[in-house]
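Open the model in your viewer and keep the selection panel at hand.

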Amino acid sequence: MATRRSPRFKECRRLGVNVCGHPKALDRANSPAFKKTHKPSEYGLQLIEKQKVRAYYNILEKQLVRYYENAVKRNGNTGEELLISLESRLDNLVYRMGFANSIRMARQMVSHGHMLVNGKRINIPSFNVKVGSTIQLCEKARKSEQFKKCFLSDNKASLPYITRDEENFSGTYTALPTRAEIPVFVKEQLIVEFYSK
């Protein structure tokens, strides 16, 4: 299974946003060594927005193209539909619910079979979670101090489309998110323009 292994902090500085969620990711972003001296072209701006989405959700180009093609077929704003479908990925929801500190850790937890969806073990990070589904840490993984500390820490921002049950180490995907609720700082219209050429 192919995964993205590029340096996270370097990618954050290049894109100008903290896509990995680490508090120190942009510490050196304002250094003169990383100051951009040229104005990006229209294509360059579109490319940066596309790369941001890939980094936020830790996906490859081929996967993003497939999500875009599915978003085009749906009724509604293509850019919003794209983000909503990406937000419904299992590895992303594991991260949003606070089971993991990063999207990479969330992907690994799913791949190693630590997560249950409605009581069934799912080890596919791209699994599309339906609204109303409950995601839970399996019994064996609950013994891990790292996983427990991650889930019970207070540094997780609450999202309106997710509810957490700390007693049972679970979370529920309660509703499809609106664009305003998705904590991703991208201009999705530029991504649509990039792929529609």
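Helices here are DSSP runs of H or I, at least four residues, numbered from the N terminus. This is a predicted model: local features need pLDDT of at least 70, side-chain atom pairs count only at pLDDT 80 or more, and totals for chains, interfaces and linings use all residues. Residues are numbered from 1 along each chain as its sequence is written, and side-chain values use heavy atoms, without hydrogens and water.

Stay on this pair. The axes of α4 and α8 come within 8 Å and cross at roughly 105°; axes are lines fitted to C-alpha atoms over the stretch in contact, with angles from 0 to 180 degrees between N-to-C directions. Select Thr-78, Gly-79, Glu-80, Leu-82 and Leu-83 in α4: they meet Glu-188, Ile-191 and Val-192 in α8. Contact means heavy atoms within 4.5 Å.

Next, select helix α2, residues 42-57, with α8, residues 188-195. Their axes come within 8 Å and cross at roughly 110°. That makes α2 roughly perpendicular to α8. On the α2 side, pick Glu-42, Tyr-43, Leu-45, Gln-46, Leu-47, Glu-49, Lys-50 and Val-53. Their partners in α8 are Leu-190, Ile-191, Glu-193, Phe-194 and Tyr-195.

Now the second largest pocket. Its volume is about 260 Å³, the space filled by probe spheres set on grid points joined across faces, edges and corners. A pocket is an open set of points on a 1 Å grid over the protein atoms alone, where a 1.4 Å probe fits, with protein on both sides within 12 Å along at least five of seven lines; lining residues have an atom within 4 Å of a point. Show α3 (61-73) and α4 (78-87): each supplies at least two residues of the lining.

Terms used:
Parallel < 35°, antiparallel > 145°, perpendicular 65-115°, else oblique.
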